[in-house]
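Open the model in your viewer, keep the selection panel at hand, and follow the stops below in order.

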Amino acid sequence: GFHKVVTENRKLYNMVQDLKGNIRVYCRIRPPFNEETKNVIDYIGDDGSLVILDPSKPQKDGRKVFQFNRMFGPTATQDEVFKDTQPLIRSVMDGYNVCIFAYGQTGSGKTHTMSGPSGGSIKDVGINYLALEDLFEISSRRKDIINYDIHVQMVEIYNEQVRDLLVEDSSTTKYPFYIFSSTSDKYFQAIRSCASENGLSLPDATMHSVKSTADVLHLMKLGGVNRVVSSTAINNRSSRSHSVVTVHIHGKDISGNILRSCLHLIDLAGSERVDKSEVTGDRLKEAQYINKSLSCLGDVITALAQKNSHIPYRNSKLTLLLQDSLGGHAKTLMFAHVSPEGDSFGETVSTLKFAQRVSTVELGAARANKESNEVLQLKQQIDNLKKALANKE
Ligand code: ADP
Ligand code: MG
């Protein structure tokens, strides 16, 4: 009964996803920190279109048009963002592997989207928490027909090295406590053998069973603390590392069918380019590692979107680790985060270009432009009316 329903559902979902493409790109713009600064956002369409304006150029030449699957403006709430992510997240309970990435320059809102504001408050929690809460709900709703076990791992990738973030007593563990270094194929082999044995897991990273949102909060706090511990050791490292939360789903239905899948929730390192003439030593090395791993990720997703026969998973630790969850029937969602401020314009364009490159959405330039022209015309009319009114008074 149930298994058949799930299979049917899955077939249907597959068909819809094949039509839509398994790679989605959402863009989120955080609220401006300072209302006084020039805002580069010109137009946000309900259809996922975005028009930005170069603050240093006259309106017409400085306009750039992008198209994504979905746009979230500065007023979008955590719940609104989650709602549009929920169906994708839920598919993990039907056996799909899912990856959700937060991409963007430091300060653009990646951690806000994935974790929420720091401080461990339940208010405004992000996708990580809301996702698990939702998975628990599904698990309890289906408990008569399928029994789910949910486990969580959390690691950090820094300079192509992987580190467990869910070590209970990190104070006794000398920093750094890496689990594998990048120097050999050992990690790759370990991941592969793990994958064939028990679904996909990260070897040597602790695996935590979670049964309630309280368990999740505890782990999120632990992971957060461990991330920060290292941040002070090497200043503000968290913006220069990727953090990967992996949720392992194991389900067994009444006829004994086993289902295994995982959901990866990834807060990527800041995508900002550093001026090579200004940084040296460790900082330069970090920048090069970040550049390399983010461009590898872009290459992999682009290759998948173009349905290439060769997918270059092995060029970075991150893509290697996520190999089973990128491509095939796996589902990928990337949040491109941008700041609205004029002084971030260069980084904003580069983030949007990256996001557009990995997106399977055709650039709907003509349409967005047309709408944008209408908006501009209306704006001009309002300005004229305001002037006329001012003259009268
Ligand atoms: P990142 O992780 O990309 O470096 P953060 O998520 O830390 O950026 O966001 C930078 C700051 O902006 C934080 O203080 C965060 O709380 C705030 N912020 C980001 N996005 C939003 C948002 N959508 N609404 C309100 N505040 C936000
Ligand atoms: Mg962050």
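Begin by selecting Gly-298, Ile-301, Thr-302 and Ala-305 in helix H8, which meet Phe-354, Arg-357 and Val-358 in helix H10; two residues are in contact here if their C-beta atoms, placed from the backbone, lie within 7 Å. By class, this contact of H8 with H10 has four nonpolar, two polar and one charged residues, where Ala, Val, Leu, Ile, Met, Phe, Trp, Tyr, Cys and Pro count as nonpolar, Asp, Glu, Lys and Arg as charged, and the others, including Gly, as polar.

The model is predicted, so local features need pLDDT of at least 70 and side-chain atom pairs count only at pLDDT 80 or more, while totals for chains, interfaces and linings use all residues. Residues are numbered from 1 along each chain as its sequence is written, and chains are lettered from A and ligands numbered from 1 in the order in which they are written.

Now select the whole of H8, residues 281-305; helices are DSSP runs of H or I with at least four residues, strands are runs of E with at least two, and both are numbered from the N terminus. Among the buried residues of H8 are Tyr-289, Leu-297 and Leu-304, buried meaning that 20 or more other C-beta atoms, placed from the backbone, lie within 10 Å of the residue's own. The buried residues of H8 pack against strand S1 (23-29), helix H9 (317-321), strand S13 (331-338) and H10. Just after H8, select Lys-307, which takes a positive phi of about 55 degrees.

Finally, select ligand 1, which 13 residues surround, the closest being Arg-30, Gly-109, Lys-110, Thr-111 and His-112; a residue counts as near if its C-beta atom, placed from the backbone, lies within 6 Å. Helix H4 (residues 110-114) gives the largest share of this shell, three residues.

Methods: Axes fitted to C-alpha atoms, helices over the stretch in contact; angles between N-to-C directions. Buried ≥ 20, exposed ≤ 12 C-beta atoms within 10 Å, placed from the backbone.
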